[in-house]
Amino acid sequence: MIRLRHFLFLLSLLLTVGQGGAHELDPGYLDIREVDGGAYTLFWRKPDVRGLPMDIDAKLPPSCMPNLGPEVVSDGAGWQTQWTALCPAGLQGQAVKIAGLDRQNTDVLVRFQPLNGISSTTRLTATQTQFVIPEAQTKLQVGWTYAVLGFEHILEGWDHLLFVFALVLLIRSKSRLIGAITAFTVAHSITLALAALGHVSIPGPPVEAIIALSVVFLAIEILKRDDTQSRLSERAPWMVAFAFGLLHGLGFAGALQDIGLPEVDIALALLTFNLGVEAGQLAFVGVILVSGTLLKLLLKTVNMLSYQLVSRANLVAGYAIGSVATFWLAERIYGF
């Protein structure tokens, strides 16, 4: 039963890899800034889909000239363009639409910066493809938008989740597991803030490759675990979690930099995005622990729980995690 569960887990991961990699969340981003006299500068970035721009377009109201931007060009990770539009009636109270978003499985973050006032940030989805630009946006609305983005990013970042899953399998002591998760949280919070604010800049591909390598490392630790002699990753797991957490934070920051930060509420956006990441991470750990407890109770009920069975299950899980992470590592190194 356990072998079957882990086989299905591996299969689902491989299918996810085959669908495009470890990060399914790849949002679009539209930045609108009021200049003067009804003029607005726009920056539009849409995701890359197998080497081509995603089939979505940012459309201003018909009264704006032009209401569509020029052709997008690749920036290596996505497709972007910039233009200036003249909207005599202004944009407040007008609808901005992302055409084609209803056919995609992604989000678009739209930020509007008036000439005098607080910027507003809105998240559009396949079910909400347009919005009316408000006169002003509250801090609560900005915080909620970035918290949701953080929550979704961690739950759709399979490499981050696989690292956390490997920690749960490796560390048997609950107190040490709590310490490791806390260290991981502190570490990636530090680098997330530093990188998002521009104090640290490391190219994305090497960071993503090392993140995959961190998962490979934990898979090896699971496979080499010896009950007669604990390894460093078991004795002081917080050290391992903190060291790799610094790198994972750079990965989170890459997604946040693609989305952008509001000019006025930078600290709030950083805090709530990070809180969203933590909420998603804790939810994932909670599901793992609850599922493991229920499975153990079921096996005890049918008298199938044994030390040998648990050991073999961990062995299968270690090979499954290592195989997927090694594939990611090779793929990301090849993409340099």
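Is the crossing of α3 and α5 left-handed or right-handed? The crossing of α3 and α5 is left-handed, a term for a near helix turned anticlockwise from the far one by less than a right angle. The model is predicted, with pLDDT of at least 70 required for local features and 80 or more for side-chain atom pairs, while totals for chains, interfaces and linings use all residues. Residues are numbered from 1 along each chain as its sequence is written, and side-chain values use heavy atoms, without hydrogens and water.

**Helix pair**

The axes of α3 (residues 158-170) and α5 (residues 204-223) come within 9 Å and cross at roughly 20 degrees. The two helices are therefore roughly parallel to each other (angles under 35 degrees).

**Two buried residues**

Both residues in the table are buried (under 20% relative accessible area, 1.4 Å probe, protein chains only).

| Residue | Element | Relative accessible area |
|---|---|---|
| R45 | strand β2 (residues 39-49) | 6% |
| G150 | helix α2 (residues 139-155) | 0% |

The side chains of R45 and D75 are joined by a polar contact of 3.0 Å (a donor and acceptor pair of N or O atoms within 3.5 Å). For G150, the C-alpha atom is separated by 7.2 Å from that of L275, 125 residues apart along the chain. Leaving aside neighbours within four places in sequence, G150 is in contact with F273, G276 and V277.

Methods: Axes are lines fitted to C-alpha atoms, for helices over the stretch in contact, and angles run from 0 to 180 degrees between N-to-C directions. Helices (H or I, at least four residues) and strands (E, at least two) are DSSP runs, numbered from the N terminus. Angles under 35 degrees count as roughly parallel, over 145 as roughly antiparallel, 65 to 115 as roughly perpendicular and the rest as oblique. Buried means under 20% relative accessible area, exposed over 50%, partly exposed in between (1.4 Å probe, protein chains only). Contact means heavy atoms within 4.5 Å.
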